[in-house]
Amino acid sequence: VQLQASGGGLVQAGGSLTLSCAACGSTFLVVNRIGWYRERPGQQRELVARIVQPGERIAYADSVKGRFTISRDNAKNTAWLQMTSLKPEDTGVYYCEGNIYSRAQGSVDYWGQGTQVTVSS
């Protein structure tokens, strides 16, 4: 089982980017939790947004509320992070993270590869 992340890139301030994260590697998966963390230059990794089952409970960092939207497609085991009104301080490496159940391994926390988001002023 792994999380495959994609998206990111370079954008001007005020622009938008969308990150995606797909859980794969087994025919039967249950995504209990999925979301993104980021590491900004000189700072520790922090939670950006996540969705937790049951109940589709969503949480955002205060710094991104109203600008970022997390969503998921359970059938595709995929989540997206739509980022709008981007600011230079959103620059960093974004990591997809999730807790995924598979028959072979049970419920395990996984990290996807980091993807760089750079917002120019």
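Predicted model: local features only at pLDDT ≥ 70, side-chain atom pairs only at ≥ 80, totals over all residues.
- Most residues other than glycine have a negative phi, and most peptide bonds are trans.
- Glutamate 56 also lies in the loop between β5 and β6, and its phi is near 50°, a positive value in a residue other than glycine.
- Is glutamate 56 buried, partly exposed or exposed? Glutamate 56 counts as partly exposed because its relative accessibility is 33%, which falls between the limits of 20% and 50%.
- Asparagine 77, which is found in the loop between β7 and β8 (78–83), has a positive phi of about 50° although it is not a glycine.
- Asparagine 77 has a relative accessibility of 17% and therefore counts as buried, the limit for that class being under 20%.

**The four-stranded sheet**

- Four strands, in the order β1-β3-β8-β7, make up an open sheet whose pairing is antiparallel.
- Because β1 (2–6) and β7 (68–73) stand at the edges and each has a single partner strand, one side of each is left without a neighbour in the sheet.
- From one strand to the next, the twist of this sheet averages 15°.
- Strands of a sheet pair through backbone hydrogen bonds, either parallel or antiparallel.
- The pairing of β1 with β3 (residues 17–24) runs in the antiparallel sense over five bridges, and leucine 3 has alanine 23 in β3 as its bridge partner.

**The nonpolar core**

- The largest nonpolar core has 28 residues, and those with the most contacts inside it are Leu3, Trp36, Val48, Phe68, Leu81, Met83 and Tyr94.
- Two or more residues of this core come from each of β1, β3, β4 (29–39), β5, β7, β8, β9 (92–102) and β11 (115–120).
- Which residues does valine 48 contact, leaving aside its neighbours within four places in sequence? Valine 48 is in contact with Trp36, Tyr37, Arg38, Ala59, Tyr60, Ala61, Val64, Phe68, Leu81 and Tyr94.

**A buried aspartate**

- Aspartate 90 is located in the loop between β8 and β9, and with a relative accessible area of 1% this residue is buried.
- When residues up to four places away in sequence are not counted, aspartate 90 touches Arg38, Arg67, Phe68, Ser85, Val117 and Val119.

**The chain as a whole**

- The elements of the protein chain, read from the N terminus on, run β-β-β-β-β-β-β-β-β-β-β.
- The radius of gyration of the protein chain is 14 Å, close to the 14 Å that the globule rule gives for 121 residues, so the chain is as compact as a globular protein of that length.
- Taken along the principal axes, the C-alpha atoms of the protein chain fill a box of roughly 45 × 25 × 25 Å.
- Of the 121 residues in the protein chain, 42% are buried, while the accessible surface comes to about 6200 Å², with 47% of that surface belonging to carbon and sulfur atoms.
- Among contacts between residues at least 6 apart in sequence, 53% join residues that are at least 24 apart.

Methods: Residues numbered from 1 in each chain as written. Heavy atoms only, no water. Pairing = 2+ DSSP bridges. Axes fitted to C-alpha atoms, helices over the stretch in contact; angles between N-to-C directions. Buried < 20%, exposed > 50% of the residue type's maximum accessible area, 1.4 Å probe, protein only. Core = buried A, V, L, I, M, F, W, Y, C linked by side-chain atoms within 4.5 Å. Contact = heavy atoms within 4.5 Å. Rg over C-alpha atoms; globule rule 2.2 N^0.38 Å. Areas by Shrake-Rupley, 256 points an atom, 1.4 Å probe, with all protein chains shown as cover.
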